[in-house]
Amino acid sequence: MKIHEYQAKALMADRGIAVPIGRVAATVAEAVAAVRPLIEESGNPVVVVKSQIHAGGRGKGRFKEHPDVGGVNVVTDGIEGGVGAAEERVRELASQMLGSTLVTIQTGEEGKEVNRLYIEQGIDIATELYLSVLLDRATSRNIVMASTEGGTEIEVVAEETPDKILREEIDPAFGLLPFQARHIAYTLGLEGDAFKNGVRFLDALTKAAVELDTDLVEINPLVVTTDGAVMALDGKMSFEANALYRHPEVAELRDMSEE
Ligand code: ADP
Ligand code: MG
């Protein structure tokens, strides 16, 4: 079972995994109302308007009804125009996006209707990385996959530059061991504060995957910010269906309109 990005991020935040702050909106009015509190809380006049569908590739996707609008939009109008200008731009984007059909590399030609938006604080990105925790059914173990090629689909990296993907198998009896976390952080090129934050992120993420019985958690991109924080900028989670009875709070997140 899949869930939306905003739901995955809420589950992550509850488990000490760093994510940007954001608010979900199902109407234009809700999207506009999210802008001021977000800018005030984050201190950043930039906000991002993100389509919530059960498919990736949203950033490069386009709306059938509005071919010039992408599925993820960084709104910078607030930098010079203040909160009012950011609100006006979000109003315009939300009216184009809500109820329209987003076509991405993962939706197929028919696309998916966007019924919810996630309005998120803008993050000052230094580096985009890739990280996932995947349940390997052959060994019944979780595997961490990490790559410096963030923002690119992992299937493409696997095909074109397979040596850029690091795999670490987790022994379920011990969890991700500290030396494994350090090895991954080192391979991702993290240094200083970002290294420490990366190790902490890996520890929390692998624990959350076990606790929630996920079969995939994919963070693409995982970002290092300009001040050394390590954050999940995107979040895809899917769950082992046979274990859902153990997680009523997750089962509740099912979105039938997506299935
Ligand atoms: P998708 O994978 O579906 O295209 P992402 O959430 O990965 O969607 O967003 C696409 C790109 O948009 C990211 O790689 C990043 O460059 C940018 N982006 C997404 N969220 C933010 C944010 N909160 N702040 C700044 N840039 C963002
Ligand atoms: Mg992504």
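User: Where does Thr 214 lie, and what makes a stretch a strand here?
Analyst: Thr 214 lies in strand S11, residues 214–225. Strands are DSSP runs of E with at least two residues, helices are runs of H or I with at least four, and both are numbered from the N terminus. This is a predicted model, in which local features need pLDDT of at least 70, side-chain atom pairs count only at pLDDT 80 or more, and totals for chains, interfaces and linings use all residues. Residues are numbered from 1 along each chain as its sequence is written, chains are lettered from A and ligands numbered from 1 in the order in which they are written, and side-chain values use heavy atoms, with hydrogens and water left out.

User: Why is Thr 214 called buried?
Analyst: Buried means under 20% relative accessible area, exposed over 50%, and partly exposed in between, with a 1.4 Å probe and protein chains only. Thr 214 has 4%, so it is buried.

User: Which residues is Thr 214 in contact with?
Analyst: Contact means heavy atoms within 4.5 Å. Setting aside neighbours within four places in sequence, the partners of Thr 214 are Leu 135, Ala 209, Met 237, Ser 238, Phe 239 and Glu 240.

User: What are the protein donors of the magnesium ion (ligand 2)?
Analyst: They are Asn 220 (O) and Asp 234 (OD), lying 2.1 Å from the ion. Asn 220 is in strand S11 and Asp 234 in the loop between strands S12 (230–232) and S13 (236–239), 14 residues apart. Donors are N, O and S atoms within 2.8 Å of the metal (3.2 Å for Na, K and Ca); water is not among the atoms, so sites may look incomplete.

User: Is Asn 220 buried or exposed?
Analyst: Its relative accessibility is 14%, so Asn 220 counts as buried.

User: How do you know that the span of helix H6 agrees with its number of residues?
Analyst: The expected span is 1.5 Å times one less than the number of residues. For the 21 residues of H6 (192–212) that gives 30 Å, and the end C-alpha atoms are 30 Å apart, so the two agree. Just after H6, Asp 213 takes a positive phi of about 55°.

User: Which residues of H6 are buried?
Analyst: Among them are Ala 194, Gly 198, Phe 201, Leu 202 and Ala 209.

User: Why is His 54 called buried?
Analyst: With a relative accessible area of 9%, His 54 is buried. His 54 lies in the loop between strands S2 (47–51) and S3 (62–63). Beyond neighbours within four places in sequence, its contacts include Lys 2, Ile 3 and Asp 255.
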